[in-house]
Amino acid sequence: MARMKFLCDAERCIECNGCVTACKNENEVPWGVNRRRVVTLKDGEPGEKSISVACMHCTDAPCAAVCPVDCFYTTEDGVVLHNKDQCIGCGYCFYACPFGAPQFPQQEAFAVRGKMDKCTFCAGGPEADNSDEEYAKYGRNRISEGKLPLCAEMCSTKALLAGDGDLVADIYRKRVLKRGGRPQTWGWEAAYGTK
């Protein structure tokens, strides 16, 4: 059984935010919600790295563990989805997720913030595949069409990988072996010097 996973190669990410824009456009994500975002570590310093972050579709998802109404479920492919009809908008998943994936669609008091929204790995939701209702609640179901999430397909440097976890790991492993194990032979210092 395939386990769908994301992996962002920090050595390739150029912080273009193409993945963020692709996700928002493909799924018509509400204003103020970013199912995917680019985080920069050591911003403006030598060794700066950027990484694209979204729901990592954890094997033992903490969001599902804390949900009082059990609206989270895992598909056969290992994609963690949630049912917006069951969600009560309590926010427990928001605090439990180490990646900040579940988000409220509105910036108001807890009682009126609405149902949580999160990355679906472009796999839709519990409604019928590619139905208008599924698209309105969860966005496009590219997985049922045999495609990968658009964020990964639109990545210009192929830093963001998505798909079967074993295949993604193999691709990344080959990249690391081609780079070599010595950081001084490539990277920031090799390109720009130490000062």
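Arginine 140 and glutamate 145 form a salt bridge, with their closest N and O atoms 2.7 Å apart. (A salt bridge here is a side-chain nitrogen of Lys or Arg within 4 Å of a carboxyl oxygen of Asp or Glu.) Salt bridges with shared partners tie Glu26, Arg140, Arg142, Glu145, Lys147 and Glu153 into one network. This is a predicted model, where local features need pLDDT of at least 70, side-chain atom pairs count only at pLDDT 80 or more, and totals for chains, interfaces and linings use all residues. Residues are numbered from 1 along each chain as its sequence is written, and side-chain values use heavy atoms, leaving out hydrogens and water.

A search of the whole structure turns up 14 salt bridges.

| Pair | Closest N to O |
|---|---|
| Arginine 140 and glutamate 145 | 2.7 Å |
| Aspartate 9 and arginine 175 | 3.2 Å |

Aspartate 9 has 0% relative accessibility, so it counts as buried (under 20% relative accessible area; exposed is over 50%, partly exposed in between, with a 1.4 Å probe and protein chains only). Arginine 175 is buried too, at 11%, whereas arginine 140 is partly exposed at 24%.

Now for helix 1, residues 18-27 (helices are DSSP runs of H or I, at least four residues, and strands are E runs of at least two, numbered from the N terminus). Its buried residues are Cys19, Val20, Ala22, Cys23, Glu26 and Asn27. Seen down the helix 1 axis, they fall within an arc of 165 degrees (taken from the directions from the axis to the C-beta atoms), so they line one face.
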